[in-house]
Structures are given as C-alpha cells and as structure tokens.
Amino acid sequence: MSVELDVFVGNTTIMDEEVYQLWLDGYTVNDAVKVRMEGGVMDECEASKDVLLSDTMDQYRTFQMCERLLHSPAKLANQLLFQIPPHRQIMLIERYYAFDDTFVREVLGKKLSKGTKKDLDDISTKTSVTLKSCRRQFDNFKRVFKVVEELKGPLVENIRQHFLLSDKLARDYAAIVFFANNRFETGKRKLQYLSFQDFAFCAGQLISNWTVGAVDNMVEDMDVDLDKEFLQELKELKILITDKDLLDQHKSLVCTALRGKTKVFIEMEGSFKNLSRGLINIAAKLTNTKDVRDFFIDLVEKFIEPCRSDRWSAADMKLYLTHYTNSAHILDTFKHQVVWDRYMGVVKSCIFKMYHD
Amino acid sequence: MPGKLKAKIVAGRHLPVMDRASDLTDAFVEVKFGNTTFKTDVCPKSLNPQWNSEWFKFEVDDEDLQDEPLQITVLDHDTYSANDAIGKVYIDIDPLLYSEAASVISGWFPIYDTIHGIRGEINVIVKVELFNDLNRFRQSSCGVKFFCTTCIPQCYRATLVHGFVEELVVNEDPEYQWIDRIRTPRASNEARQRLISLMSGELQRKIGLKVLEMGGNAVVGYLQCFDLEGESGLVVRAIGTACTLDKLSSGSAPNTNTHMHPNTAPASNACNSPSKDGKEPVFVEDLPSSSGPPTPFRALPTSSSPPPFSPSKPCSRQSSSSDTDLSLTPKTGMGSGGSAGKEAGPLRTLLRQQTQTALEQREFPFFTLTSFPPGFLLHVGGVVSARSVKLLDRIHNPDEPETRDAWWEEIRQEIKSHARALGCHAVVGYSESTSICEEVCILSASGTAAILNPRYMREGCLDIGCTDHRFEEPSPPNCGFCHIPYDELNMPFPAQLTYCYHCRRQKVPDVLFTTIDLPSEAAVAGKGCLIQARLCRLKKKAQGEANATAISNLLPFMEYELHTQLMNKLKLRSMNALFGLHIQISVGENMLLGLASATGVYLTALPAPGGIQIAGKTPGDLSSEHISSIQKRINDTIAVNKELYQINPPELAEEGVGSPIPEPRHRSRLFRSHSESSDELSELDLSHGKKDAFVLEIDDTDAVEDIHSLLIDAPPPTGFYSCNTENMPGISNWTSGVQMFTSVRVLRLSNANLTNQGLNKIFTDLCENLLKSFYFKLRSMIPCCLCHLNFTVAVPEEELIQVTVTAVAMTYDKEQTQEKTAEKPVNKGSLEAEEQLQFPLELCADSSSSNIQTASKISVSLFTPAAKLCQNQLLIARSAGVGESTNMSPRAASVDYGSFADRCSTWLELLRLKAHTIRRGSVKTISSLERCSPLQEGRSRSLRSSRSFGGSSVTVVKMTPLSFLPGTRIIKYLGIINMFFIRETTSLREEGGVSGFLHSFIAEVFAMVRAHVAALGGNAVVSYSMKECVFMENPNKNQAQCLINVSGDAVICISETDQESSASTANTGQTGGSETDGAT
C-alpha cells in the first residue's frame, strides 16, 4: 500500500514561509520534514509525519512551478497560473533573490561564467551552503547581470524595476553586477577580512561617483562601467607627488592641522609621503583594466596596512584622510580640485569602511 | 440570422519560444466559429505580439450561438513547414446571450494545449449583437439563465418554481473511434474537448427550450454530468429546477419568496385560487393536525376507510415494482388526507388534493434545490434513494436511442414512489450520479422526500412575502419541517415517534436524515460536524451479467452497513439529524467503495439521542471487562463530543410535563415485537441514562473491529469545524477569509490478498488522513470551518483507490459563535402526554399485525435489535437492471432498514428473482441522423479559459463551492461556467511524476476558470464544483492523462459595506481596463 499520488491545490496558492526558506536553502524534502518536525510544527495541528511529508511535497512542487516565474519576477504579477496575494509575491521574490553573504563573498568579482559555476561544489563545501542553493544564487547573479548589462540608466533602479526587489537588495545586486563586470579582485588573502557588505558599500560609492551615470544619468552609457574620461583625468593628480614643492606644502598643511589632535602624529608625519604616493599612484593607474581590478588590494596594501601597522585608530585614519583631502584645496598650484574631490570622496569612504579588523 | 458575433484579437504575452534558432516566435491567430475562420496577420519575432486585429464578424443563428464555442487557435508561422499550434482558447459565449449578464467578454485568456498545458496568454474582446427572433418554432433558448447554485440566487426572487427539467445527449467518444489510432494524442484530445463542449451546449439549449415551454426563464440547481462509457459512448446529462426569476432591484433586500407552479393548467389554478384566498387561515396545511383528535379516534377512520396510504405501503416494505405502484397510488394525501376531513373540513382536503394533484401532474415532482425560502418546506420525510446496475451494451442500437433516458426514467419513478411511501408528494435536494467500470454502470439517484407548502403551488400569488408569517403559525418554522409527513399508523417503516420537543403538538421521528441543507430557520443546539461512513467490499472479478449480478447483490449490504455506520457515528456525536447526506458507491474491477458524507447536527425539535450500549451476544461470551472498557470508551467519546460540539440542548422538564418518550420498558417491548427479534434483547438494559439506548452487539471480531473503527475518527483539531453543507450549523458570523481547494489522493494497494476489514481500514485511514492534511495546511486560518467538503471516490484501476476532495475553508469570528438558543418548547398538558403514551402501543399493535416477515434469524447476529436502526428513514431501492430482453419492467426492491429481518427476506426474494432475470439495457450510442443533426457541422463549447486585465495586475477571483461569499453581496450573475479539459503527457517523469502532472493541471484549470470569470467582468465563482476528475496513468510508458470537468456561477460580488458605486466601477473598470489594456 503506497500513496501513488497526492496533491493539494488552493485557489489562492498556499505557501508556508518556513518551507519556502528550506526549499531555497536546498534541503531535500526528507531533510525539510526533519527540520520541520524539530521545529515543533507537528504540535500545532496534531499532525503526523505523513501529513508533514505530504504538505512539504506539495509546497516543494508549488515552488518548483513558481521558480520559472521568479526568473522574471515581473511575470509573477501578471501570470494567471497562481493566484498569489501581492505581499506574498513580494516575499517570494525577495527571498528568492536573497543570498548568503558567505557565498557571495566567494564569487564576488569573479566572472559569472560556466567556469565559475563548475567550482560551485568547492564553494558549497567551503561555505557549507548547499550546492542547490549555491546554484540558485549564482544563477540569480548571472541572470541579473545579463539583464542589466544591456540596459541604460541607473543600475540600481534598473535592477529594482526589472526584478522588483527592495532597495537594499537591489543595491546589493548592483554591487555584485558591478564587481563582476569590472572583475575587482576580492579573493586575495589580504582581502579576506572584508565582508560582502564592506564591498557592497564601496561598490555603491564607485557606482554613484565614478561611473558615467554618476555625472549625467541621461547619457547613453550605462552604470556598470567606470567613467573613462574621469580615469584619464586622474592621471593629472600625479602632480601632487611628482611636484616636490606641492608634496611638501601638502604635507605641512596636513601636519599643521593634525598636530596635537592625535596620538599617532609622529607616525602620520613620517608616513605622509608614502601614503600620499600610494593613493595617487592608485589613481594614476586606474586607466589600466588590470589595475582597476586590483583597486581594493591596492588600497589595502598601500594605505590600510601601513596605517594599521602604525596602530592608527579608525578615528585617526578618518582625521588624517579628512585633512589630507581638504588641504589639497588650499594648494594654490593644484588645479584639479574637481577630479580630486571625486576621487578622494570615494577613496575616503571606501577606506573608512574597509578600515577594521 | 439572429445574431452577430464579433471578436477582436488584441495581443499576446508570455508566448513560448517556438523557434529555437532565434528564441522567438512568429505568432498569428485563427478565430473560428462554426465553419467560418478568420486569421490575423503574423506578428514576427515576438513573445509578446500585438495584433490589434480588426473586428472579425460572424453572422450566425442563435442556436449555434448557444451550442458553439468561439475557438481561438494561436499558431507559430513557419515558412517552410506546417505551422505549429501553440495552443487554443475556447470561449463560451453563452453569458452574452442574456441581457442581464455580461455585455462583453474581454481579457487575458491562458492559451491552453492539451499536451503542454498553459503556454502564454492572449487578450481577446468578444461581443454579440442579438436580433429579436419571434419565431415560435425556434430551436434556441437564448435568454434562459442557468445557475449551478442550489438555492434561489441572491439577487433574484423566484416568482414561480416550475419544477424538474432533465435532458441527456449521447454521442460516440472520439477516443474510441477508429480514427483515434492514426491521429495524434493532441488531435484526439481536442476532438474530445470540442465534442463535449458542443454536447453540453446542445444540452443546455435543449433544457432551456423545456424551460421556455414551461413558461420559466431560468434553471436553478443545474447539475450537468458526463458519463464516459468507453466504447459504448459518451453521455452528457443534466438535471435542474426550472424557475421564473425576477431580478431584485439591487437596493432591496434579498428576498427570495418562492411560489411553486407545478405545471398545472393555469385555468384550474385560476378557479381554485379564489377559494383559497378567501379562507386562508383554514387552509393552513399541516399534516397530522396539531390539535389532532385523540389517537384512538384517529386510528379508527383510517382503518375503517381504506387507508389511502396502503397501496404504496407494500412498496416500501416489499419489492413491488415502482411502476405498478405508481399507477395504483391514488392522488389523495397520505394518511392525513383521511383524518383531515374530520375537523378541517372538506376545504382542507380539497386543498391538499389540489397540491397533490398539482404535483402529481408533473411527471417528477423533483427539485434539485437544497435550500428554500422560509415556509416553502413543510415537512421532511427522509432520504429516498434508488440505485440500479446496468450493463452498457456495446451494440450500437439506433432503433432504441432512448435507452439511457429510459434507465433514468425508471430510477426517477422509483424515487417518486418511495417519496410517496413516505407520505410525501415531492422530492427535494435531488441529485443523480453514475459509476462506471468497464461495461457495468451503477445509476444512482437520491433526494429527500418532502411536503411543500401548497400555497406555493399556484400561480398568481406573487406577493406572499408579507403574508408568509401568517401561515407558519401552526407549524412553527423552527421545527415544522421535522414533523412527520406520513401517517403514524401506517408508517412506511418502524420508527420511534415522539411529540416534537418544540411545539409538543406533532410527531417527530427520533432521527432525521436528509439530502438538503439545514433550513435556516431550524433550531439547533451546538455546532454541526462532518460525519462520514466509509466502506470497501471486495468482489470477484467477473464479466458482463455475472458481474452486474454480483454488484447488485452487494449493494444492499453496503447501503445497510453505511447506514449503520452513519447512525453509530451520529449517536457517538450525540446528534440526531443528518443534512446534506450524499452516498456514493463506486465500482471497480475487484471492489466496491462506498462513501457516505453528511453533516450531523442536533435538532432541538427531535429527541436527544440515546447513547450506545455495548452488549455481548451471550453473557460471558467475551469477557465483561472487555465490554465494559469499550463501553467506557464510547461513553467518554460521547461526552467529549458533546463538549466539542457544544451540544447543550435546552433542558426539558421531561418528568414534569410528562415525557413523550415511552418508558424504556415499553420501548424495548415495542421493538421486540416490531422486529421479531429474539428474547435475549430483554436481557439488555436498553436505557442509557434517561434516553433510549442504541445497542451494539459484540459477537465476533468483526463487531469489535467495527466498534474500533467507530472510535477511530479523530475529531478536528481545536479551532476547526467541518461540514459538507452550505451552512455550518451553529456558525454564521463568517469573516472574509476564504480558501477553496481541491485535493486528490490515489492509493495503490500492494497487498494482493486483502480482506474487507483490511480494506476498510485502509480506506478509512485514507479519508481521515486527507482531513488531517487539510487541517494542517489551513492551520493559519484558525478559527476556521471547512465547508462543503465534497469527497468523491473512484477505483480508476484495480488496486487503486482515488479520493478527490473539493471544499472551502472559511474563517469566522470566534467571539460570536453562540447560536440562537432553541426556543423553549411549548408546555403541553399532562392530558396530552397521556395520549401520547398510548401511541407507541397502538403503533406497536398495528405494526406487529402488519405483514412483517418473521425471518428474523437471517438477520445476522450483528445487530439483532435492528429495529433500532430503522429511524433513518432511508428507503433503498435497487433495480435489478442487469438488463433483460423482454419488455419486463425492472424489479424494484425498496427496502427500509426498519427491520433487518424484513429487509433480508425481501432481498433474498429479490436476488432469487434476479437470478432469472433480466436482460435489458441496450445502448444508445446515438445515431448521427436524428439526434445529432444539429451536431453534425461540428462545434464545441465550454472549453475555454482565461483571466483578464493586462498591465501588471490580475483581477483576484475568489472561488467557493458555496452559493455565497462571506461578507459580500452578489450583485450580478454573469453566467454559468462549465468547462471541460483534457491534459495528457508523454513525459511524466520530467513533469514531476503523477503528482507534479496533476498538481499543475489542477492549477491550470483554476487559472482558466478565473480568467474566464475575470473576462466576463466578474470577481468570483460561487457554487463551484469539480464534477469529474478522471486520472489515468501508464508509468511504464511515461504517460498520463487526466480529464477534469468543473462548473460554477460567475458573479460580481461587492463587500457588504460597499455602495453600489463600487459595483458599477468594477464593471466599467473591467471593460475600460481591458480596452486600454489592449493598447499597451
């Protein structure tokens, strides 16, 4: 005696958020049933294991049928197959596109290609996110990437409109797409201490300040690429380190401002030239795609590490960078104030974010 | 040329990729009606094509408009090879044919393919211009409204109820034609879908014609069914209740007064009515008159004069043929007809006779309605049912095209005669069904025998709403329907009668079974609950006649056991009445399945049910400890159930007033004499508390099993109630949460040598587990009630049991669930009590003297005091219709459970008889010429699908099997939804196995229903039902096929708090919305 067929279909599609999460997390039906039993749901309605199994199967089937629609969330709203209340639709989409920070950290900046997809088993083992869930997340990244790659206009807005995601999630996806597109290196050992959210923040800064769309969002080009003209202009900043007078003047201005305000003044004074060279060199090299990829590693190597080895506190670092940036405005011979602000604004906030253990 | 149909194809969306190379589709659309086809341009390389076609115009007969669906086919253009079909949409344009309903069909319809399911959507606008046709001989019946709802639709008033209409049409099943061997499954499925929709269109039109003939304008309680008879053909049949409905102005209260017009000649009515009007108070019609004469007197005239009831009495008792019985029965009222003359005078008799006559002139005084306006239903006799086993003849017999008609006619005659045996002139809550396995077919019909208010029986009495209450006086509304309609001296079966606990004036049975909904005015205590009896019976595999005989031999035993179970479970829940009783018997190759569902309730007018007493066959047979432990469990269960269902009937001062219940002593004697049971009965203590006890005898393991299975039924978890009727007794304060669902479960029995017991257990568990699953899934809706739980069982293959359930879960407000408490029964003087006491004795003497067979010992030891079972008033009858070449009329065995002994002997006789019988039942696979002539051109209908509104949002369409949606008011009925779909797959595994396949199919069916309703401008489907869900699989070939038939009423409903304005905006919004939509 066995149940050959068992289905339950509601006019309004019945979905249990808990089961949905288990499905998203890649649990098999049997594992999901175990988890649910442990969760104590059985007590609620005098349910038995069979009831739970049958319910879980039904829901898994529903989710599988919905999955096709979730791939283009706009369809979910005007499809006819499932009658799902709007707030539920939002929940379905939001959860489907949610990802594990540990997982995304592994693929951040990688090319969203078949090659990467093959490595998912390793990532799955490493992050202990199930392979199924890894695949879903990876495919989500790829899908979003593919869609917005072709679109004009602001990246975050495009993602939000096409995938009906919350602002927060849309920003995260923008970061992922941006990283994937520019192939920023994030996997190096020295960058391991940074979380996805750190990078997402930085990506947000870069997107809103350094891309073409940042200056004029009506332009043809899109948000995913850095503003080439701007990158060219960054070369002009080299004068700050190549012109000896300017460098000294800059240093003295900064030191004057800092004196007495920090415990690590001596160290700051001592490493000023090195740090300044580091930051300006990063700027000057950004025309090379290769160097763009290394942007974050460079920031860490050229600035964050030296500061940290000198035991600057975060506040020290903030103080230093603020004065470093502002002092440049006072330099009479320095004509590239606009580019400087655009550059330093982003670098400053990136470093603020990245300056932690 | 009375109609012009116009269709416009606006756009498509979400189309499938048809060209792998480009990942796009070059779609175009063919629009076909009748034999005319139009095409749109090809919209190249788009998955969201915009056609914006011209208006395609079809000039057609209205007859065609009724039969044919508009057929829309979406294709992918292919320059080099044949165009590929993407899918189809069938749009039933019937709703556009009557003025009050929808004016336009406009919206997004899912494009459906029988192999691939839904593949994108298409936006279509359809309009109809009808010209007036004054042709008296027309074949169309445009304008007749159809409702699935089994009560008077909310925004209508029934000015006349004309009565029963039925029709059936027969054709060959395309699936079994030779051509099916060479065509693709898709072509075959589409041929079938088309044919069925065509047939149901034709059927509806023909019924409509009958309604027009009767002078009605609507069919309420329209029930259409398919019989897939396999090689012998395909039958589409329908029954309904013809009415004349008046639309209420939307402002006025939904007032549903009904006048019954049983097709008498208007002239006779006209001359009768004045006299009635003049003496209204007198003609208040009530059977055993309330202030009835002392019983002894009463008995006298009846016995001295020929009891009017007697001719029909043998029919219930014995197996006399219903046909002869009918001809013998005089038109006079039962029982009371005689006695009434005494005090109410001739007028009363006359009136009664009028009623009777009026109804009798109708061939079948049947009503498919299950709930009625207050005052309509006077008395309810009990359930009447008839079954008949037929052999589907493979021989095509064009000379006898009416075979199926004849079969149903027979059954209906039986039902009618049973109703008569119960002293009733009408049958309400009437329904018909079939179960087919190979060439054997069980036809079943059941209903509730009732007496209807004669005031509703005449014409011209259109405004009784205001005078209504005057008539209800003698028979109080909250108990009147319980009063027995039959003569207690000539009861069709032995029953325990008591005086009504409400009015104390008239007799009531101790248990009442009905197929109708609980009348809204009925006084109940506590809440109701779903009660199911489940039964499996193994049967040897056999062919043809032997098989049919075997089945008909099993049927009575199944019905008996189902009844025993129902009765036991009813007592166990401490209730005394069943509503919405539906007994389904399903036949398979090697077994029969029986499932009886009903909603149990405690009617305060009826006596409190006694407990259940356990007894060993002989003392010491089983250890008394064992018995007492079972007894304790039962008593505990009863106590728990009383608590659970809040059954606290108003206490009656029984002793003080003089209990109408005879002393236990009397009673036991009564029953013994009645059933001629053995003496051991007197050994038992029949009393359980004060009440009469119901005795279960444990004499073998079977009985123990039975008792265990009784106790197995788990009560619903806290916060849940369940019922299978329209209204949940005891709950009326619904909140807005509504969740309709369909669930299908198929069980494979792996064990080859199962016993009946084992099977019963499996089947019971299957049903119980389904319920448990529902409770679990719907737990978020607590407090909630599962209403209209409709279980359907089938045996699709050997070793497979399929259960399909459709129901709706509705939330309610827990705070206010207290029902109106029952009225305090009227105190009667002790004198009357004395009188009453004499009754049973009288009765007893009478019945023992009647010709009961004393074959008591046959009556198996299972339940010796079978007499106790009798009160359920179920008359079973079977036609021994294995078929017969002679012209012999079918033997009808009509049996009551009153005395098992009696019944057994009857059946034995019957079986003997049958052994020599009978070969009839030929077949009509309708020959094309006569019946099908209108069919020939080929058309179809009903297959359609849809949903409206483009843009981003989709109209929410609620669905419910009930006739109402809580918290809303229906302001417009848009037409009937009747759709038939076939889905097939050759890649079962890839679609997620059988469950995945069926899951998506059911979801697709829902989607198509919703789309169609939305396109009509509606936002809900009421009285939704899934009539058919036939599932076949062949896992080895990776194939499966499923057929689903659904129906319901498309409506616009508005929140009760909303004003009219919202309705009109809904309507215009719909039209406007879809227009603008087209432009997007």
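1. Let's start with A:Leu321, which sits in helix 20 (residues 314-330) of chain A. Helices here are DSSP runs of H or I with at least four residues, strands are runs of E with at least two, and both are numbered from the N terminus. This is a predicted model, in which local features need pLDDT of at least 70 and side-chain atom pairs count only at pLDDT 80 or more, while totals for chains, interfaces and linings use all residues. Residues are numbered from 1 along each chain as its sequence is written, chains are lettered from A and ligands numbered from 1 in the order in which they are written, and side-chain values use heavy atoms, with hydrogens and water left out.

2. Is A:Leu321 buried or exposed? A:Leu321 is buried, because its relative accessible area is 0% (buried means under 20%, exposed over 50%, partly exposed in between, with a 1.4 Å probe and protein chains only). Beyond its neighbours within four places in sequence, A:Leu321 is in contact with A:Leu279, A:Phe303, A:Met344, A:Lys348, A:Ile351 and A:Phe352 (contact means heavy atoms within 4.5 Å). Its C-alpha atom is 9.3 Å from that of A:Val254, a residue 67 residues apart from A:Leu321 along the chain.

3. Now the domains of chain A. The assignment gives domain 1 (17-97), domain 2 (101-188) and domain 3 (228-354); such bounds come from an automatic or database domain assignment. The centres of domain 2 of chain A and domain 3 of chain A, taken over C-alpha atoms, are 31 Å apart. Where these two meet, 6 residues of domain 2 of chain A are in contact with 6 residues of domain 3 of chain A.

4. How much area do domain 2 of chain A and domain 3 of chain A bury between them? About 550 Å², with 67% of it on carbon and sulfur atoms (buried area is the accessible area, with a 1.4 Å probe, that two parts lose on being put together, summed over both). A:Arg183, A:Phe184 and A:Glu185 supply 68% of what domain 2 of chain A buries against domain 3 of chain A, more than any other three residues. The count of salt bridges between these two domains is 0 (a salt bridge is a side-chain nitrogen of Lys or Arg within 4 Å of a carboxyl oxygen of Asp or Glu).

5. Over to chain B, which has 21 helices and 35 strands. Of its 1080 residues, 66% are buried. Among contacts in chain B with a separation of 6 or more, 81% are between residues 24 or more positions apart.

6. B:Cys155 is buried, with a relative accessible area of 8%. Leaving out neighbours within four places in sequence, its contacts include B:Asp246, B:Leu248, B:Ile970 and B:Tyr973.

7. How many salt bridges does a search of the whole structure find over all chains? There are 46. One of them joins the side chains of A:Asp16 and A:Arg36 (3.6 Å, N to O). A:Asp16 lies in the loop between strand 1 (2-10) and helix 1 (17-24) of chain A, while A:Arg36 is in helix 2 (residues 29-38) of chain A. Both residues are buried.

8. In chain B, the side chains of B:Lys88 and B:Glu190 meet in a salt bridge (3.7 Å, N to O). The two are 102 residues apart, with B:Lys88 in strand 6 (residues 84-92) and B:Glu190 in helix 2 (residues 185-214) of chain B. B:Lys88 and B:Glu190 are both buried.

9. Finally, look where the chains meet: 60 residues of chain B are in contact with 36 residues of chain A. The area buried between them is about 4000 Å², of which carbon and sulfur atoms give 59%. B:Phe776, B:Lys777 and B:His999 supply 20% of the area that chain B buries against chain A, more than any other three residues.

10. A:Asp16 turns up again here. The interface of chain B and chain A has 5 salt bridges, and B:Arg779 forms a salt bridge with A:Asp16, the closest N and O atoms being 2.9 Å apart. A:Asp16 and B:Arg779 also belong to a network of salt bridges that includes A:Arg36 and B:Lys777.
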